[in-house]
Amino acid sequence: MIRHSLASALLGLALICAAPAFAQAPSLAPSHLQAAREVMTLTGVTQNIDNIYKEFEASAQQLVSTRPEMANDMKAVVAELKPEADRRAEEMTKTAAAIFASKMTEADLKAVSAFFTSDVGKRYTSLRSEAMQALFKELEPWSVQTSNYLFDRFSQEMRKRGHTL
């Protein structure tokens, strides 16, 4: 969950940082933006944006889990915040669509959409989460081992050059 939260936060930050560039960009055709939005939905980008509220809700529940007297108020406040969260998610989804539309032609976006709505694209989408979980299990120890190896090699090479770390 932490990895997912971090990935979502990084995606959100990247999209927010890029947003000012779109204020100066020429306007895009509504069909171009719609094609980008469809790709955002088909590839899971909008799901990541929508998951921010779900993660917030789970965190709020966990925060008051040892304080049962707060549970009803927590649920009420979280429910009250949902429309605001939905508006913010819609704004970010529009930003994401504008970013992708500015980077890809409408024809390319439609081709990506066609892939993800094809049988093989649907299979890819259905297996992507499982494959990514398996990859993260391999990637985590590999990244630690590789980082340690590279640092050890770096230290050895620096010692050869007369430097002690």
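Arg 67 is partly exposed, with a relative accessible area of 41%; here buried means under 20%, exposed over 50% and partly exposed in between, using a 1.4 Å probe and protein chains only. Its partner in a salt bridge is Glu 69, and their closest N and O atoms are 2.7 Å apart. Glu 69 itself counts as exposed, at 54% relative accessibility. A salt bridge here is a side-chain nitrogen of Lys or Arg within 4 Å of a carboxyl oxygen of Asp or Glu.

Before we go on, keep in mind that this is a predicted model, where local features need pLDDT of at least 70, side-chain atom pairs count only at pLDDT 80 or more, and totals for chains, interfaces and linings use all residues. Residues are numbered from 1 along each chain as its sequence is written, and side-chain values use heavy atoms, leaving out hydrogens and water.

Let us move to the helices, which are DSSP runs of H or I with at least four residues, numbered from the N terminus. In helix 5 (residues 106–117), Glu 106 and Lys 110 sit 4 residues apart, about one turn of the helix. They form a salt bridge whose closest N and O atoms are 3.1 Å apart, and Lys 110 is partly exposed at 49% relative accessibility.

Helix 6 (residues 119–160) holds Glu 157 and Lys 160, 3 residues apart and so separated by about one helical turn. This pair also forms a salt bridge, with closest N and O atoms 3.1 Å apart. Glu 157 is partly exposed at 23%, while Lys 160 is exposed at 65%. Arg 153, Glu 157, Lys 160 and Arg 161 are linked in a network of salt bridges. The salt bridge count comes to 7.

Methods. Helix = DSSP H or I, 4+ residues; strand = E, 2+ residues; numbered from the N terminus.
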